[in-house]
Amino acid sequence: MSAIDRLAAARAKGRPTGMDYIDNLFEGFMEMHGDRRFGDDPAVVAGIARLEGMPVTVIALEKGHNTKEKVKRNFGSAHPEGYRKALRQMHLAEKFGRPVICFVDTAGAYCGIAAEERGQGEAIAENLMEMMTLRVPVVSIFIGEGGSGGALALAVADEVWMLENAVYSVISPEGCASILWKDPGKVKEAAECLKLTAEDLKTLGVVERVVPEYDGDLQKICGELRADLVETLRKNRRVDPAELAARRYARFRRIGAD
Amino acid sequence: MLRKDLFRRPKNEPEDYGRYTAKAHPDIPGEMCVLCPSCKEILFTGVLEDNRYVCPKCGHHFRMNARQRIDMIADEGTFEERDGAMHSKNRIGFPHYEEKLKQARLSSREREGVVCGTAKIGGYDCALFVMDSGFMMGSMGTVVGEKITRLFEYATQNSLPVVGFIVSGGARMQEGILSLMQMAKTSGAVKLHSDAGNLFVAVLTDPTTGGVTASFGMEADVILAEPNALIGFAGPRVIEQTIRQKLPAGFQRAEFLLEKGFVDSLSERSGQKEQITQLLSLHAKGDLT
Ligand SMILES: [Zn+2]
């Protein structure tokens, strides 16, 4: 499958969103709203649940399915308070020793007046810094679109996994074509050049695992994800917290170091 | 009348760049004029240079290159460059990236978009990094990320404060995801430097946007900003396209960020060195009497 086809699949109508994974992977999800600073951003869903009995903190960028949901969720593009809500839940996870699981699906952090006024850049930066030294295991799973800094703000993790048709990029192919090449028609070429598919990113050492989609069979995908998550989180829970953070830094430290 | 490299006085011209120079430089008169984009006053370059590239009439801060900034801020003869030889390669095979890099090297006379090193400022030792808008708009690729990361690690090992002059259009698209990863990498280095009790002062200059704002640009203990500098996550044009309306005057300018609580203080060049020296003095270690 070409990069542009993967991109279309990642954005396709009816593709499972963050809430679908939360419902299918965990038991007893309790949603926690708000950043205790400004408000509650519906583009980010955060809370506590159990994974095979183990309490975990779950955070998802949520796009919504129908028009009404999409509008409510701002199409999965978070404002600063969304990232701050996520960080608050991560700090609570650290306090109570719960692993963190993030689901990423966003075209990017929202670009608007309010987002800038409330410090979109600062909110993302804070997450990058704080996640790097979080003393509990963190796994981020890209389930659809991974748009730039707004995706990375939930992906400073011990391991990053991607569904086989998910994408992750520094800029959308549309943005790349129009900004860099001044030719909006070159989206297909841009998608190729940016190396945004799960397979490419695994080759580049940016993701650890590509998760097969079994032709969209969510039960099958979640069955495999659950087993992998349990194994990885149990393994990482046994690692000394300082060592875990040091390994996370080393994971990012080597990218571009040669 | 306005030469593009008017404000560039390279100190470290690499030996092999001469052969790329297509044509001999035309005769440059001793005094030239520039138009202030803000108040439209015609200014002599000599006057501007003596005034730290600030318009004497209206206070407009012109862009400066990295070497000029280092001259302005570091004590004379104290700057020692680190990792100056690092240069980018086309890691993901992006079309025409090599040519872009070559052009950037020629026009900026730097090997990459940031100059890093150690220096004394007002007598205080520090690690100093200065980004250069003349090199692909100060965009952050793997080399910019790596150089800044190394500088923070060196500063952590040696308990040095870091002073950073920031100018950037954001992540460098031509390095794809690898440039995005530099946001996380540099943030990690800043965090470890911070956790060890060291000071980081950032000076945001025009323009500071995108992935650099959303990483080390907004992670300093003290964030200073030059007057009227554009500072934001999304660029104004992207926002206008998204919301389909014009942005209000002054939006995303340094004064706006100050009002919204994201900048500690404005930093006019006339008092900048004194301001930074004072900060270094207030945070100096082992001198608490
Ligand atoms: Zn003026």
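Buried here means under 20% relative accessible area. The structure is a predicted model.

Chain A has 258 residues, and buried residues make up 59% of them. Its secondary structure consists of 12 helices and 8 strands. The radius of gyration of chain A is 17 Å, close to the 18 Å given by the globule rule for 258 residues, so chain A is as compact as a globular protein of that length. The C-alpha trace of chain A spans about 50 × 40 × 40 Å along its principal axes. Among contacts in chain A with a separation of 6 or more, 71% join residues 24 or more positions apart. The accessible surface of chain A is about 9,800 Å². Carbon and sulfur atoms account for 51% of that surface.

Chain B has 289 residues, of which 55% are buried. Its secondary structure comes to 9 helices and 9 strands. Of the contacts in chain B with a separation of 6 or more, 70% are between residues 24 or more positions apart. The accessible surface of chain B comes to about 12,800 Å². Carbon and sulfur atoms hold 50% of the chain B surface.

Helix H11 of chain A covers residues 218-237. The N-terminal end of H11(A) is capped by A:Asp217. A side-chain oxygen of A:Asp217 lies 3.2 Å from the backbone nitrogen of A:Gln219. The buried residues of H11(A) are A:Leu218, A:Ile221, A:Cys222, A:Leu225, A:Asp228, A:Leu229, A:Val230, A:Thr232, A:Leu233 and A:Asn236. An α-helix has 3.6 residues a turn, so residues three or four places apart point the same way. The buried set in H11(A) includes A:Leu218, A:Ile221, A:Leu225 and A:Asp228.

A:Tyr214 lies in the loop between strand E8 (209-211) and H11 of chain A. Its phi is positive, about 45°, although A:Tyr214 is not a glycine. A:Tyr214 is partly exposed, at a relative accessible area of 30%.

Helix H4 of chain B covers residues 142-157. Its 16 residues should span 22 Å at 1.5 Å a residue. The end C-alpha atoms of H4(B) are 22 Å apart, in agreement. Buried positions in H4(B) are B:Thr142, B:Val143, B:Val144, B:Gly145, B:Glu146, B:Lys147, B:Ile148, B:Thr149, B:Leu151, B:Phe152 and B:Ala155. B:Ser159 follows H4(B) and has a positive phi, near 50°.

B:His96 lies in the loop between strand E3 (80-82) and helix H3 (97-108). Its phi is positive, about 65°, although B:His96 is not a glycine. B:His96 is exposed, at 54% relative accessibility. B:Tyr97 belongs to helix H3 and is buried, at 0% relative accessibility. Leaving aside neighbours within four places in sequence, B:Tyr97 is in contact with B:Ser88, B:Lys89, B:Asn90, B:Met136, B:Arg172, B:Gln174 and B:Glu175. B:Tyr97 and B:Glu175 are 78 residues apart in sequence. Their C-alpha atoms are 8.7 Å apart in space.

The peptide bond from B:Asp206 to B:Pro207 is cis. Its omega is near -10°. B:Pro207 is in strand E7 (residues 200-208) of chain B.

Cysteines were examined for bonding. A disulfide is a covalent bond between the sulfur atoms of two cysteines. The count is 0 disulfides over all chains. For A:Cys111, the closest cysteine sulfur is in A:Cys176, 16 Å away and too far for a bond. The cut-off for a disulfide is 2.5 Å between sulfur atoms. A:Cys111 is buried, with a relative accessible area of 17%. B:Cys58 is partly exposed, at 35% relative accessibility.

Terms used
Residues numbered from 1 in each chain as written. Chains lettered and ligands numbered in written order. Predicted model: local features only at pLDDT ≥ 70, side-chain atom pairs only at ≥ 80, totals over all residues. Heavy atoms only, no water. Helix = DSSP H or I, 4+ residues; strand = E, 2+ residues; numbered from the N terminus. Expected span 1.5 Å × (residues − 1). Buried < 20%, exposed > 50% of the residue type's maximum accessible area, 1.4 Å probe, protein only. Polar contact = N/O pair within 3.5 Å; in protein donor to acceptor, adjacent residues only side chain to side chain. Rg over C-alpha atoms; globule rule 2.2 N^0.38 Å. Contact = heavy atoms within 4.5 Å. Areas by Shrake-Rupley, 256 points an atom, 1.4 Å probe, with all protein chains shown as cover.
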